[in-house]
Amino acid sequence: KCFNGVNMDGYLDKLPAFVDTIKSIKETIITNIVLIGQIPAPTFKEKRRTSVFMERLADFRVDECTTDGYRNPIGIIKGTSETRPPIFVVAHLDTIWGTDIDHYYTIKENSIIGAGVTENSIGVGVLVSLPEIFRKLNLRFESDIVLAGVIQSLGRGNLRGIRHLLKTWSTPIRGAVCIESYDLGRINYYADGMIRCEVDCNISTNSGWEHKFKPNAILILNEVINQILKLRLPQRPRSRVIIGRISGGFKHGVIAYDARLGFEIQSNSDRMVKSIFNNIKDILEGIRHEYEVDLKLKTLSNINAARIKFNHPLVKSTLEVMRKLELTPISEPSESELSIFLSRKIPAVTLGITRGENHQHTNATAEIEPMFKGIAQIIGVIMAIDNGVCDEEYLA
């Protein structure tokens, strides 16, 4: 097979055999997943996990092991070419669980169970195992391979780690693979525009309401939701508002003085995201005056819509890699580090490593057996990028 002059057959045929070779160092890979995964790393508190990540990279003798100015840990495996730009392979280090949650992992014959194992401990454990996997497969690349564990990705982190890393990286980047633990078969190559917000409603506890009914913060937010749901959203560009969280109140028989609403605006048009955001600001302004309450709107995170086309050689070659490994591709937008690469015009895809269940629960379960195909697919895509599927001369 040839994509824009890039011969694919050379390495596609090797992929099924790679799966068995990767499986032969299963213990090393699982050890890395458990070592790193059992360290709590809530967003903004990834320091301990960063240290162990660096230690493991040093143990596997990468050519350079360092952190950038934002404390993202990076390992570099030198390529054979002086002129080819580097290929990035990234996974986010932070998880949704804090230090109050037990991070002990249970390993069974075909599963690993524990908090954060699918978000993103398997991704990070595999990332740190790549130097050893390359060695075992006897692989050398033209490009330098940059293995980056990025911090402050999730929620309020707003992808700060990857934003900083790419903003301050001094050379062009050839292409990138973003690793997520779960959903083997996912191929994300586009990101929707998104703004994630919180609205805090606060009813003053001071007097001054004697002459009328005191409002209830939960009912105020209910009115906010009702008015958001009345917004007419287009099907093209595809747009939606997801009401994701609501909390508030003190106890059953007391009017709620405080409540909080969490929502996300999503669209494949940045203009539409902004327009909906402004509409919601107007809704809040109106309710604030009408009910004489304190409503504060906070933006937690945001990304711009960005994509590479379905017929881009990177997407086509990734699909070929998946077919060779008998994986069924699933495509949807991603809010991961991918969006930052794409917004900087760096071709990239996000791939998942394994299957599992109870994702985002403390008893998350990841299957071990599918991991080896998941890793082989990542290596296949790195080889495709190294063979030139992201290079300008092939895209001209």
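This is a predicted model: local features need pLDDT of at least 70, side-chain atom pairs count only at pLDDT 80 or more; totals for chains, interfaces and linings use all residues.
Reader: Got it. What kind of peptide bond joins Glu119 and Asn120?

Author: The bond between Glu119 and Asn120 is cis, with omega at about 10°. As background, most peptide bonds are trans.

Reader: And the bond from Arg236 to Pro237, what is omega near there?

Author: Omega is near -5° for Arg236 to Pro237, and that bond is cis. Pro237 sits in the loop between α7 (217-230) and β13 (239-248).

Reader: Back to α5 for a moment. Which side chains meet in a salt bridge at 2.8 Å, N to O?

Author: Those are Glu132 and Arg135. Both belong to helix α5, which covers residues 117-137, and they are three residues apart, about one turn of the helix.

Reader: How exposed are Glu132 and Arg135?

Author: Glu132 is partly exposed at 23% relative accessibility. Arg135 also counts as partly exposed, with a relative accessible area of 35%.

Reader: What does Glu285 form with Arg288?

Author: A salt bridge, with the closest N and O atoms 2.3 Å apart. Glu285 and Arg288 are three residues apart in helix α8 (residues 270-291), so about one helical turn separates them. Glu285 is partly exposed at 36%, and Arg288 is partly exposed with a relative accessible area of 24%.

Reader: How many salt bridges does the count come to?

Author: The count comes to 21. One of them pairs Asp391 with Arg84, their closest N and O atoms being 3.2 Å apart. That pair links distant parts of the chain, 307 residues apart.

Reader: Which loops are Asp391 and Arg84 in?

Author: Asp391 is in the loop between α11 and α12 (392-395), while Arg84 is in the loop between β4 (73-77) and β5 (87-92).

Reader: Is Asp391 buried or exposed?

Author: Asp391 is buried because its relative accessible area is 5%, and the cut-off for buried is under 20%. Arg84, at 29%, counts as partly exposed.

Reader: Which residues are linked with Arg84 in a network of salt bridges?

Author: The network links Arg84 with Glu142, Arg174, Asp386 and Asp391.

Reader: New topic, the inside. Which residues touch the most other members of the largest nonpolar core?

Author: Ile22, Phe341 and Ile379 do, in a core of 96 residues. Helix α11 (residues 371-386) gives the most to this core, with 11 residues. In soluble globular proteins, nonpolar side chains tend to be buried together.

Reader: What does Ile379 touch?

Author: Leaving out residues up to four places away in sequence, Ile379 touches Phe18, Ile22, Leu130, Ile133, Phe134, Leu137 and Leu139. There is also a second, separate core of 27 residues, with Cys197, Ile220, Ala259 and Ile283 among them.

Reader: You mentioned Ile133. How many Å apart are Lys23 and Ile133 in space?

Author: They are 9.8 Å apart, C-alpha to C-alpha, and 110 residues apart in sequence. Lys23 is in helix α2 (residues 15-23) and is partly exposed at 32% relative accessibility. Setting aside neighbours within four places in sequence, Lys23 is in contact with Glu369 and Phe372.

Reader: Now the helices α3 and α4. At roughly what angle do their axes cross?

Author: Roughly 155°, and the axes come within 9 Å; α3 covers residues 26-37 and α4 covers residues 47-59. Angles over 145 degrees count as roughly antiparallel, so α3 is roughly antiparallel to α4.

Reader: Which residues meet there?

Author: From α3 there are Thr31, Asn32, Leu35, Ile36 and Gly37, and from α4 there are Arg49, Val52, Phe53 and Arg56. By class, this contact has four nonpolar, three polar and two charged residues.

Reader: Last one: what about the phi of Phe44 and Gln360?

Author: Phe44 is not a glycine, yet its phi is positive, about 80°. Phe44 lies in the loop between α3 and α4 and is partly exposed, with a relative accessible area of 44%. Gln360 is not a glycine either and has a positive phi of about 65°. Gln360 is in the loop between β18 (356-357) and β19 (365-367), and at 43% relative accessibility it counts as partly exposed. For background, most residues other than glycine have a negative phi.

Reader: Thanks, that was a friendly tour!

Key: Residues are numbered from 1 along each chain as its sequence is written. Side-chain values use heavy atoms; hydrogens and water are left out. Axes are lines fitted to C-alpha atoms, for helices over the stretch in contact, and angles run from 0 to 180 degrees between N-to-C directions. Helices (H or I, at least four residues) and strands (E, at least two) are DSSP runs, numbered from the N terminus. Angles under 35 degrees count as roughly parallel, over 145 as roughly antiparallel, 65 to 115 as roughly perpendicular and the rest as oblique. Contact means heavy atoms within 4.5 Å. Ala, Val, Leu, Ile, Met, Phe, Trp, Tyr, Cys and Pro count as nonpolar, Asp, Glu, Lys and Arg as charged, and the others, Gly among them, as polar. A nonpolar core is a set of buried Ala, Val, Leu, Ile, Met, Phe, Trp, Tyr and Cys residues joined through side-chain atoms within 4.5 Å. Buried means under 20% relative accessible area, exposed over 50%, partly exposed in between (1.4 Å probe, protein chains only). A salt bridge is a side-chain nitrogen of Lys or Arg within 4 Å of a carboxyl oxygen of Asp or Glu.
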